[in-house]
Amino acid sequence: MAVHSVTEAAASGASRPGRGCPLSYRTGRAAFDGPPSVQVDSLWVAGGLYGNVFALERLCTLFAAERGSKALVFNGDFHWFDIDPEDFAAIERGVCAHAATRGNVEAELACPETGAGCGCAYPDWVGEDTVARSNRMIERLRATAQGFPDARRRLAALPMTALAAVGGARVGIVHGDADSLAGWGFSQEALGSSEGVRAAERAFDAAGVSVFASSHSCLPVLQGFAGARALINNGAAGMPNFARSRHGLATRISVDPSPAALYRMRLGAVHVEAIAIDFDAQGWMRRFLAQWPAGSDAYASYFARISEGPSYRIEQALRPTGDVARVAA
Ligand SMILES: [Fe+2]
């Protein structure tokens, strides 16, 4: 799928719920101007928690063990499956303790855009049935969120992007891509084309960052770019990301490499890594089924992935480039 098709899909789908990209999702050229809001030795970025309270617990435990100056940023879509008010509240409590940026799910909970549906801006390669199910899922989640007016106000105030500094490297944190909250330009699919690579290079140049940390498109990628730059998409913190696996993934960017990294790239003094969030998979499956039993929209769209992982393989995620020193995991 060529990148221009992704863009056209978003543009042509502007009036189709779940396909379009609302204007309010546009990031704006000045998003990465100015000083970083976070300056640490170790930065964790976790997108796509998707309401998985077991993944939240495990992520927080792993992050707590991190030494030195550190920050954890939830870069959106921390809610999704958590239609049970108890789980919704647990996710809110956990995320509130750290920094966060908005995902399309949070945007659609806080300030629903007319006709945006789930706000995912799904490209052509995602089937119509999946889009329709997601649009119905956000309605269920909105009903839960109605009981949490303070949370909705907080979600509405979250920024769409953040800028961090780690060991002298500027890190742009986004949910979708550099242009849009729900952009698919930083998906593994888009980055697999030469057009996608060129578009990402333009985004690096415009933002003046050496690392982009993204999420949203649900499959992970760590791709190197000319000029000692790298883009890391953590896929999902709260769902399996690789075939026959059950763990989620978080991004870790640090001056010290972690022995636990699944894969990494080194950019000078900075290590860009994927860390497994090995949550209680059986406990999560029970929790998911209690909220989304067989026959439900989320079950139809996600249960196979939750129980078996996607068909994507770990070798497909790591994509080194000539001038970025690859460090085998
Ligand atoms: Fe998203």
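Aromatic pairs number 15 in this structure; rings of Phe, Tyr and Trp (its six-membered ring) count as a pair if their centres lie within 6.5 Å, with planes under 30 degrees apart called stacked, over 60 edge-to-face and the rest tilted. Here are two of them.

| Pair | Centre to centre | Angle between planes | Class |
|---|---|---|---|
| Phe204 and Phe212 | 4.9 Å | 50 degrees | tilted |
| Tyr299 and Phe303 | 4.6 Å | 10 degrees | stacked |

A word on the source: this is a predicted model, where local features need pLDDT of at least 70, side-chain atom pairs count only at pLDDT 80 or more, and totals for chains, interfaces and linings use all residues. Residues are numbered from 1 along each chain as its sequence is written, and side-chain values use heavy atoms, leaving out hydrogens and water.

Phe204 and Phe212 are both buried (buried means under 20% relative accessible area, exposed over 50%, partly exposed in between, with a 1.4 Å probe and protein chains only).

The charged end of Lys70 sits over the ring of Phe63, 4.9 Å from its centre, and Arg140 lies over the face of Trp292, 5.0 Å from the ring centre. The criterion is NZ of Lys or CZ of Arg within 6 Å of the ring centre and within 35 degrees of the ring normal.
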